[in-house]
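Me: I would like to learn how to read confidence, sheets and cores in a structure file. Could you take me through them one at a time?

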Amino acid sequence: MSALPSKPDAESVATREQVVAILELLETRMLWSTARPIISATGIHVSRGWRETLAHAREDSYSGAIWTSAFMALSTAARWHTYVGNKHVSFFDLREQNEDVKAQVLEWALGRAVDDLRPVLRRRPFDILDAPTRKVDLEQYKTSAPRLLAAELHDEKLYLQFFSTRAYSTREPLDITKMGAAQIKLFEDYEEVIGVKTRLVPCFDTVVVDTTNDLVEFRIDFQPGMTEDKNSPAFARVMTEFNRATTKFIGQGAVGVGLMNLHPAINPMYLDAACGRVTALGFVATSKDSSSNNHGQIHRTKTQDFRKDSFHVGGKQHVDKVDPYTIGITWPAKPPKGDLYLELKGSVRAIYSGKLRAVTTAEFLGCLDGADYDFIADQVLRRLPRKKK
Amino acid sequence: MNVTGIIQDDWAHEPSVRDACLHVWKALASREDHLDHYTFDDLRQFAEQDDPGVLSQALLYLSNPKLKVLKTCLMYEFNGGFLELPDDEVDHYSRGEEVIHPEFGAPIDESEILVCFTPGAGLQQKAAR
């Protein structure tokens, strides 16, 4: 994806309100560690965390030129982020379908899809960057099917952008001493009371039909470190919407079979010293008389490479075999770009039961543009066996 | 004056803190290799001291700029891992101020912050000698 779909108008003049609105959208979706250098590069004051930075942006005075250039930079970053940032990625291999079906899907994506979907887009509720951010505005999309916001063809790839909202929950300890007398009495036997806070977040899920490589990609938004509502899996909802669209226009669902198993890429990545730094690893180590799976826990490090880390390598020397079932790879970058991260998360069960080795989702973190995304995707895809074109 | 002498001088009138400091210093100084992190429980065992008040006082003293035997290290959780808080957030924590999560950019509850210790510059200098 070399070009960003639907670029903002370079001639327009932006206001403080527009910049604040983009910051509010970013605050709901982008990690602070990713956003901070991007905001800083615009010349807008960056404080500690989102709350203070937003408060300053609502009050500080800048020239019209600074607001305009900040809006251009932030809206470009925000739009890219909806296509490539923090994604759970799955691939469907169209070569696993029969030739007729494959040809129909590719022909539609390349030739007619954008025109066919134009009437749907005329009824879209808003443009990508005007997506609601407040709970009260997001509530109405909580139960509805994902809404198509954009359909564009670039470099022989069809990009469909769907919008939905999802609930993420966090747990926070509640201060019993600040409660009323009746509540304090109620909780008197408890040392700690935990509250569960639910937050609605605007989500963008992208379906890409890559007509050059015969692939359909699902890039599903996720929030690192947050617990998602498991009752309405976004992947299934977006796949249903995509298949509904293709059924309408070419008479059949485009995907169903051909979901690619990413597990075969794990061990080659672990063994390839040129493939980034291994910063997360789940493995089973086997020796002559015993084996260990570290209770199924994944080892994580921020800065080391497990391939070189003395703790891991030292232990490795004493076992016959290390069989990784989960791998996380970090590719370091220089600011303003952040590190890129890929995680292929398998189950320790896969090692013990050969039949369950399927890993169908890859976690992509830190991508700021199409080049970042394509780099990580290529690292996975080049290590997977596929039928020839 | 060496570290042992400084500790004995500074805590001459509080033998429990003095002994806890001396035990920790002796245990750490005699090690050839250091762990990346020492937990509160590791140091409690080194100090041979179960009173948390005395132990906190001893560890705080060993971390002060005069000795730098230990360095306080604060950890936060992100995506299944525990990572060190950057120095500027540690400074805010030390002043009793709100700490901002480096990844989320939002305040972290104090109960979510884990405290541990790393070998300080004073200990590393001793090891180098």
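Reply: What follows goes from confidence to the sheet and then to the cores. This is a predicted model, in which local features need pLDDT of at least 70 and side-chain atom pairs count only at pLDDT 80 or more, while totals for chains, interfaces and linings use all residues. Residues are numbered from 1 along each chain as its sequence is written, chains are lettered from A and ligands numbered from 1 in the order in which they are written, and side-chain values use heavy atoms, leaving out hydrogens and water.

Me: What is the mean pLDDT of chain B?

Reply: pLDDT is the predictor's confidence in each residue, from 0 to 100. For chain B the mean is 87, with 96% of its residues at 70 or more, and the model scores ipTM 0.80 and pTM 0.84.

Me: In which order do the three strands of the open sheet in chain B lie?

Reply: Strands are DSSP runs of E with at least two residues, and helices are runs of H or I with at least four, numbered from the N terminus; two strands pair if DSSP finds at least two bridges between them. Here the order is E2-E1-E5, with antiparallel pairing. Four bridges join E1 (residues 70-78) of chain B to E2(B), and B:Phe78 stands opposite B:Gly81.

Me: Which residues have the most contacts inside the largest nonpolar core?

Reply: A nonpolar core is a set of buried (under 20% relative accessible area, 1.4 Å probe, protein chains only) Ala, Val, Leu, Ile, Met, Phe, Trp, Tyr and Cys residues joined through side-chain atoms within 4.5 Å. The largest has 72 residues, and those with the most contacts inside it are A:Leu262, A:Ile327, A:Leu342 and A:Leu344. Helix H4 (residues 64-84) of chain A gives the most to this core, with nine residues.

Technical notes
Buried means under 20% relative accessible area, exposed over 50%, partly exposed in between (1.4 Å probe, protein chains only).
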